[in-house]
Amino acid sequence: MSMNRPAAAAALAAALCLLTAGCGSSSADKATGTTAAASATGYPVTLDNCGVKETFAKAPSRVVVMNGASVAEVSTLLALGLGDRIVANEQSYGMSEVPGRAAAIKKLPTGDVKLNDAYDIPREAMLGLRPDLVLSTTSYGFDQKNGFATRGQLKDVDANTYVSPRGCDQNPSGMTIADSYRLLRDMGKVFAVSDRAEKLIAASEKNIAAVTAKVKGEKKPKVMVLFSNMSMGGNDFSSVVAKGIYNDILARAGGSNAFESASRTSFADLSKEKVAATDVDALVVIGYNDPNPAAYARKLLKEFPQWPAAKNDTYVTLSDSMYLGPSNDVAVRKIAGMLHPNAF
């Protein structure tokens, strides 16, 4: 899939933070998003969000989730059992590591909105949805020059707004798994389901700690992380991950990013020669609305037969668990199993 530069750079590179959650001791919980029992106690709740104080007198009931090339926000709401609060959701990857999550997202209302060139909700359409909470992956979603309703305009119609962690300056290069937990905690406070949020966080921390313990002391293979069939720059490999939450996930799984030093920002725009000259021990291919990321992975391994990854056929495909969201523990476990199969 190829996206134009504004949609990809502003929406994806600034927001990709891939996300989701399931049952028991896993953060992959409540994929169907049934209503959580929210208590009215504890209000008002005030959050300092990107320098804006947002005060909630009660739990929101008309939530709009903007696209932002993310599923972090919608997955977090579903994991907290808040799917029925959503009146319009524009987020979808079409797949998920969490059973039932993609189907649950597909069933959510979209508000029948005609999206703009950035594949998101323009100002008049947003105001017409009569939201009481609007979630955006980055501040881009509230930028008037891009045709969006501003936070001030939404406040004028009694709608609260929220920009997800690291989204204030649209630079997610410093993002870590802790930011996924912050998103869960913030939504837990806003909807009075903090107990649910803390259970999800505790389960995720436990799962990740168990994996990290198993791979401790192992050699850290060099991993190439990239998006399948996506172009965001001028070179052959413009969707290669350099920095961000991906590196935190890799580290917990006992790996390292082969291209971490290739860019100061989240993504590196690399030539085929640069990629060929780098030893790649394993591939993590992220499918963003790509129905067959495994085919892309196999194509890459065939194109670079000199890689250790090609010689050993070492790759894994992921989607939402690799971004900001409630299911980073799933990505940690899957990557660790690929890199260190004998540890499990």
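Visitor: Is lysine 272 buried, partly exposed or exposed?
Guide: Lysine 272 is partly exposed, at a relative accessible area of 36%. Buried means under 20% relative accessible area, exposed over 50%, and partly exposed in between (1.4 Å probe, protein chains only). A caution: this is a predicted model, where local features need pLDDT of at least 70, side-chain atom pairs count only at pLDDT 80 or more, and totals for chains, interfaces and linings use all residues. Residues are numbered from 1 along each chain as its sequence is written, and side-chain values use heavy atoms, with hydrogens and water left out.

Visitor: What does lysine 272 form a salt bridge with?
Guide: Glutamate 303, with the closest N and O atoms 3.2 Å apart. Lysine 272 lies in helix α9 and glutamate 303 in helix α10, so the pair ties together parts 31 residues apart in sequence. A salt bridge needs a side-chain nitrogen of Lys or Arg within 4 Å of a carboxyl oxygen of Asp or Glu. Helices (H or I, at least four residues) and strands (E, at least two) are DSSP runs, numbered from the N terminus.

Visitor: How many salt bridges does the structure hold?
Guide: Eleven. Glu54, Arg151 and Lys155 are linked in a network of them.

Visitor: New topic. Which residues of α10 are buried?
Guide: Pro293, Ala294, Tyr296, Ala297, Leu300 and Leu301.
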